[in-house]
Each structure stands twice: as structure tokens, then as C-alpha cells.
Amino acid sequence: PLPSPLPPPSPPPLPSPPLVKSGGGYEPQISYQFPKRDGMGRSQKEEEEKILKAITLFCFPEGIDWAPMTEYQSETFSFVLTEVDGSRKNGYCRRLLPKGNKACPPEAYCIISKLACFGLFSKIFDEVEKRRQKSMAMIYPFMQKLRESPFPAPGNSVEIKSHIPESGTEIIKLTRPLDSWLEHVNFATLCGCLSNQEILLVFAAAVLERRIVFIAEELGTLSQVAHAVSALLYPFTWQHTLISIVPSILIDVVMAPTPYLLGVQKKMMTASKGNLGGNPQNAGHVFQIGDEGSILPPKLHDEILLALENKKEKATVEEWNRVVSEAFLGFFVKTVGHYASYLTSSGGAEARRTFQSRAFYKSIKSNTTRHFVKKFMQTQMFDIFIQEAEQRQSGTHQGIFHQKIQEYQNNGKAEKKKR
């Protein structure tokens, strides 16, 4: 809904899919969209219809099993839409029940964006919900004000003036976090659902691209845990199927033989008996079916465990994110942070570099670390990371990962001098 600092392409939609009576249940349909999409060609319309159909599935993943209600706690969750070319868009959804005397099913409001800004979009939803409880007509002027404002750069804010009848003019401040890496993440939810040892088991399964299914009651918990595990892999990116909330109609995806990261509502356990273990009592436990418990180098495994155990009990979301992210980022610094030393080129400054994989692997002194890295080098996430590094020009390293590598290498040199 917000344009980027540069002239943007077609802005992302904010569709509102309500539940409409259909046969024996309620079928979600798009009733409202901002901005309105006029003047599209045939192919654009077809693509738009596909996106809108997918949005309704993810906003109401439970299917048509709904009934009118008078009470419903609004909830916010997120999902990922993957394009044909492999690019991803983030979906943010707020489900709520409009005020009134009549019983009705909930409505969903959804923002689709290439940017990962969960906190910022959640605040927009707060404002949308506030206006919806007064009048549906009040939402469009607010969204138009947003559209006219520049999207804040990382670490910056934008202020929106908005008028609400009986309340007057309000100034709404929207802030974008400085660190885009963790804009979409809340590790506190992950740590609240799993023990520290279980988090390490899940991390080991994810880093080796295994099949992972999370089961929970609440949609918000599922989406936050799935995205948190994906973030643990930084600076690498999960390259396979990622569905933080699996719609009931797509539940058979759990039978796929390829790697995936899925979130499934607990109520679907019975319907998928045999596919997900069948027993709803199994939800909330981690089941190890491979070498996840032994593949991580023991010394580094214990370092992560110690960092997780030392976090504050009443830490803020930012403190949780810092402690958890630095622990896992340090793991990659110590296992594969020397990769840049094994990128060589035989031409000029513009020549593409080549990764010397065998020399890279052989340079690792620790047997347990070398065993892990040998397996990790076979994953698609490592392969894509190295391909991108080969295409970058020498000296263009940027980002937190490379800063941490530099710090680690400098500390190592300082230790050698002391000896």
C-alpha cells in the first residue's frame, strides 16, 4: 500500500476477503481492494486473479468450516506467496469481527508486499481495524494517505495525518526497523514454543534442508515460528517450499518428497491422520528422525546452547532477537566464514570468480566441523549463496555477516599476537 522511495511498479493490493455463504459453509471472496486495479491487459488480469485466489486461501486456511459468531479475538499472521520465477512476496493478514448486533463470520484484511516489515504493517492494521469498527468507508481515505507518503528507509519514520470523525485529526507515526534482516522476526515466540535443545534440532534439520512441519493452534504462532526458523539460516536463504500456514485444501503437500518448511493448524491433525503422525497430542514436540542431534559440531552446538540459556527471562523482542540471531550467525561465521578466501579469478577486475570448494573444505582443521560443512556444501542454500558470491565483484562485501567475519578474523589475529 505504500510506494517505495523510487517510482514504484503497480502498488501491492490490500484486499479484504469476507466469508460468503456457499452451500454448507462459508467461502471467502474479495470484497474490497486498494488501490483499484483498472486498465490491466488480459495476462495481467489472469495473474491478478491467481494472486487474489491464493490470498483468500491463506487468509482463511481453515476452509469453509465457519459459522456466524458474536465474539472473535482479532489476530494477525503472515504468509509467503512464491511466484513462478521463485521470487517471494509477503502477505500480512488481520482477521477481525466488525462491531454490530448481528452474528456474522470474521473479515480479513491483507497487505501484499515485497518488503518484510511485520511491525510496521501490524500498526497499519491497528488503524484499519479502528476505522472499520466505525465505518467501512473510513478505510479508503486512510489508505490513500498512506499511498501518498514515501515508504520510510530502514531506520526512518513517516508521519501520516488522518481524520476520524468524533476523534479529530491524528498523527500516525510508522517506523521501519534499521535492520531489515530481522524486520519480520520475533524469536521470543519460537523460544516460547520450543526448548533450547529442540530449537537446535530444528535448526540442524533446516540447515540440512530436511522436511519440517510445525503444528500449533494459533495462526500467528505458526507464521512467527516458521519465519523465525527461516531467519536462523541467515546469511543463507531457505530455497524450498515455505508455507507458514498451510490451507486445508493444500494439506497433501506434507506428502511431498522434497524439502519443505510448513505450518499446520492443530485442528487439521485429525483430518490428516497418518500424514502428520495423526495424534493431536503430538503437537508441540520435536521428533528427530535423522542425524539432527549429532550433525552440528559439538563445541559450536554447546556455544549456541549457552547463549540461549543466558538470555534474560523478561527480555524485550529486540533483546531476544539480538541474542538468538547473534548466536546462530556466529555459528556460520566459524564454520564457513572463510569462504571468501577461496574465491579466485584469473582475469581482470571484471572477471567472474570461481569457488575452490575442495581447498575450502580441506582447510577446516576440526574433524566434526569438516564433517558438518561437507554435508552443508551439498545443500541448495549453500550453492545459491556461493553462486551469488562468484558473481559479485571483489571488494563489494557488505552486510552484517561480513562485518562479523571481519570481527572474528581480527580477534583471531589479536589472540595470536598475545601468544
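Q: Which residue stands opposite Tyr260 in β10?
A: In this predicted model, Thr241 does.

Q: How many bridges join β9 to β10, and in which sense do the two strands run?
A: Three bridges join strand β9, residues 241-243, to β10, and the two run parallel.

Q: What about β8 and β10, how many bridges there?
A: Six bridges, again in the parallel sense, with β8 covering residues 211-216. One of the partners is Val264 in β10, which is bridged to Ile215.

Q: Is β10 mostly covered or uncovered?
A: Mostly covered: six of the six residues in β10, which spans 260-265, are buried.

Q: Which residues sit on each side of β10?
A: Tyr260, Leu262 and Val264 are on one side, and Leu261, Gly263 and Gln265 are on the other. Both faces are covered.

Q: Switching to cysteines. How many disulfides?
A: The count is zero. Cys191 is in no disulfide, and the nearest cysteine sulfur, that of Cys193, is 9.4 Å away.

Q: Next, Thr369. Where is it placed?
A: Thr369 is in helix α11, residues 367-376. Thr369 is buried, with a relative accessible area of 9%.

Q: What does the Thr369 side chain make a polar contact with?
A: The side chain of Ser366, at 3.2 Å.

Q: And what does Thr369 touch, not counting residues up to four places away in sequence?
A: Pro297, Thr335 and Ile364.

Note on methods
Residues numbered from 1 in each chain as written. Predicted model: local features only at pLDDT ≥ 70, side-chain atom pairs only at ≥ 80, totals over all residues. Heavy atoms only, no water. Disulfide = S-S within 2.5 Å. Helix = DSSP H or I, 4+ residues; strand = E, 2+ residues; numbered from the N terminus. Buried < 20%, exposed > 50% of the residue type's maximum accessible area, 1.4 Å probe, protein only. Polar contact = N/O pair within 3.5 Å; in protein donor to acceptor, adjacent residues only side chain to side chain. Contact = heavy atoms within 4.5 Å. Pairing = 2+ DSSP bridges.
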